[in-house]
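This report is meant to be read with the sequence and the model side by side. Please look through both before going on to the text.

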Amino acid sequence: MPKYIQESDFTMVEEGFVARDLMEEIINDVSQTDDRDAFFVADLGDVVRKHLRFLKALPRVKPFYAMKCNSSRGVVQILAELGAGFDCASKAEIELVQGIGVKPENIIYANPCKQISQIKFAAKNGVQMMTFDNEVELSKVSRNHPNAKMVLRIATDDSKSSARLSVKFGAPLKSCRHLLEMAKNLNVDVIGVSFHVGSGCMDPKAYVQSISDARMVFEMATEFGYKMWLLDIGGGFPGTDDSRVRFEEMAAVINPALDLYFPEGSAVEIIAEPGRYYVASAFSLAVNIIAKKEVRLDGSGSDGRVHVQYCLNIKAFSKHLLQIPLVSNLWKQAEHLSLTVLLVLLVLHVGF
Ligand SMILES: Cc1ncc(COP(=O)(O)O)c(C=O)c1O
């Protein structure tokens, strides 16, 4: 079994030392200097606890972490070590997970519109599971990735979600038969159905509708000789416990729908692509207020009052500190931070 975490990658911290302590320590240190760049602290123990919660609440579903949410190396290594799969949306993400030894079968290239060079890259590196929602994608894949195992992404009702993804992605149900027929004609293997109910989903019934729609597409596929075996229920799960619907409440609605439409014994593997669920509560960002000014907002819709505007040094992150109290009491200062990191706890370090 591969080992994704090397102890030498990390430095020990004291037992009981929490992310907040580390953050305050760093703020105290940098306050003595001119180097007051923004930084974040991540509690990787929180990521581990989230993983265990996921497995408990959705026992039939294997999580494929959506790396676009936060591709920090510590998060990726921890999740690989715990046996999660990965939803990659680009060549760079595939390279990152393969670079630490993640096997191609634990990767889904879940981007329905891929550049040809990246499809070729996936083919060369053994990544077979990929999503599609349109004809052009099918013809690109048939020419450039003969061993691809395609997953048809369907559109959802994402009206109760904070980020609506079906505006951009997902085939309407009425197009699915045509897409399956075309896939058959092009000799493309279609192994299943995926969907995303939108990020920050506030209505668990959206999953129920999509799971039922997916069942319909499974039936449709049999008309073309496909025996599909993969259902991908996407992301959309809450990242913190103060969201309108708690993760376990969502799971309590999803599980019966899975049992109804894809009962155990139906030979269908179920995966999900949680993103914010894993990282939102683990990361805390410290930024510096570098300027403050009073502004009066004019124009239509303005209340005419004077507002205080704070400028933060949020564009450039300097330090990335990872802490793993639950796993092995380790922390590391890494060199790189993706700007797509989810900002959960904003700690303002006033220093002007
Ligand atoms: C294809 C896909 N899967 C998963 C995710 C992760 O979604 P969430 O952070 O809501 O779990 C996204 C987010 O944009 C996505 O586009």
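## Basis of the model

This is a predicted model, in which local features need pLDDT of at least 70 and side-chain atom pairs count only at pLDDT 80 or more, while totals for chains, interfaces and linings use all residues. Residues are numbered from 1 along each chain as its sequence is written, and side-chain values use heavy atoms, with hydrogens and water left out.

## Nonpolar cores

A nonpolar core is a set of buried Ala, Val, Leu, Ile, Met, Phe, Trp, Tyr and Cys residues joined through side-chain atoms within 4.5 Å, where buried means under 20% relative accessible area, exposed over 50%, and partly exposed in between (1.4 Å probe, protein chains only). The largest such core has 84 residues, and those with the most contacts inside it are F86, L180, L231, I233 and F237. Helix 8 (residues 205-222) gives the largest share of this core, eight residues; helices (H or I, at least four residues) and strands (E, at least two) are DSSP runs, numbered from the N terminus.

Contact means heavy atoms within 4.5 Å. Leaving aside residues up to four places away in sequence, I233 touches V61, F195, Y207, I211, I254, L258, I270, I271 and A272.

Two strands pair if DSSP finds at least two bridges between them. Strand 5 (residues 107-109) and strand 6 run parallel and are joined by two bridges, and I108 stands opposite M129 in strand 6.

Which residues of helix 7 are buried? In this helix (residues 173-185), C176, L179, L180, M182 and A183 are buried. They lie on the same side of helix 7 because they cover an arc of only 165° around the axis, the arc being that of the directions from the helix axis to the C-beta atoms. On the other side of helix 7, K174 and N185 are exposed.

The buried residues of helix 7 pack against strand 6, helix 6, strand 7, strand 9 (189-195) and helix 8.

## Salt bridges

A salt bridge is a side-chain nitrogen of Lys or Arg within 4 Å of a carboxyl oxygen of Asp or Glu, and a search of the whole structure finds 16 of them. One joins E24 to R20, with the closest N and O atoms 3.5 Å apart; both residues lie in helix 1 (residues 19-31), four residues apart, about one turn of the helix. Another joins R215 to E219, with the closest N and O atoms 3.0 Å apart, and both of these lie in helix 8.

R246 forms a salt bridge with D241, where the closest N and O atoms are 3.8 Å apart. R53, D241, R246 and E248 are linked in a network of salt bridges.
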